[in-house]
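Subject: Structure handover

Hi,

Here is the structure for you to look over. My notes on the packing follow below it.

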Amino acid sequence: IRKQNDFQEALIWSYIGLAGVYIEVKDYHKALDLYDEIEYIKQTYRITDAKSSIMTFLGKWQIYNNLQKYEEAKPVLIKALREAEKIKIKPLLNQVCYELYKSYRNLNDNDKALQFYEQYHNIKESVLNEENVNKL
């Protein structure tokens with residue numbers, strides 16, 4: 001329906017969800033095809049939604065990580081980090097930093113792993129503190 005009615009932004013989110021299903025059933029080729037389609041839609045219709053970009057990058061990272069292609073995963077996460085820093089949504093930034101920590105750990109780059117773990121920890125603490133202040 002979204003495709004027929006030319007609801008491209010909504011279609012992107014449908015594809016992100018569907019790609020997640022393909023990842024769960026380990027059909028990585030179909031998931032990557034959907035992520036490529038998302039990028040095509042975003043370029044064609046000049047859609048600049050950073051959240052969908054981050055979710056696309058995280059999905060691709062998950063595929064590369066599951067396939068133990070850690071070197072291929074790294075640049076995808078760096079793109080996600082740049083987008084997350086732009087929009088300053090701490091839970092997304094936190095998730096990206098945590099995934100970068102795991103990627104660098106898998107690559108045995110302990111200095112970089114520690115750097116991103118510290119970022120992850122600091123953001124997590126900041127989010128928890130904000131939640132506690134809001135509860136008061």
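Ile12, Trp13, Ile16, Ile23 and Glu24 of helix 1 meet Lys51, Ser52, Met55, Thr56, Gly59, Gln62, Ile63 and Asn66 of helix 3. Contact here means heavy atoms within 4.5 Å. By class, that contact has 6 nonpolar, 5 polar and 2 charged residues. Ala, Val, Leu, Ile, Met, Phe, Trp, Tyr, Cys and Pro count as nonpolar, Asp, Glu, Lys and Arg as charged, and the others, Gly among them, as polar.

This is a predicted model: local features need pLDDT of at least 70 and side-chain atom pairs pLDDT 80 or more, while totals for chains, interfaces and linings use all residues. Residues are numbered from 1 along each chain as its sequence is written, and side-chain values use heavy atoms, without hydrogens or water.

Helix 1 and helix 3 (residues 50-66) pack at about 15°, with axes 11 Å apart. That makes helix 1 roughly parallel to helix 3 (under 35 degrees; over 145 is roughly antiparallel, 65 to 115 roughly perpendicular, the rest oblique). Axes are lines fitted to C-alpha atoms, for helices over the stretch in contact, and angles run from 0 to 180 degrees between N-to-C directions. Helices are DSSP runs (H or I, at least four residues), numbered from the N terminus.

Gln8 belongs to helix 1 (residues 8-24). Gln8 is buried, at 10% relative accessible area (buried is under 20%, exposed over 50%, partly exposed in between; 1.4 Å probe, protein chains only). Beyond its neighbours within four places in sequence, Gln8 contacts Ile41, Tyr45 and Ile47.

Next, helix 3 against helix 4. Their axes come within 8 Å and cross at roughly 160°. The two are therefore roughly antiparallel. By class, their contact has 13 nonpolar, 2 polar and 5 charged residues.

Now the cores. A nonpolar core is a set of buried Ala, Val, Leu, Ile, Met, Phe, Trp, Tyr and Cys residues joined through side-chain atoms within 4.5 Å. The largest has 23 residues, of which Ile54, Leu81, Leu93, Val96, Cys97, Leu100 and Phe116 touch the most other members. Helix 3, helix 4 (70-87), helix 5 (90-106) and helix 6 (110-135) each supply at least two residues. Helix 5 gives the largest share, 7 residues. Apart from this core lies another, of 14 residues, including Tyr15, Ala19, Tyr28 and Ile38.

Best wishes
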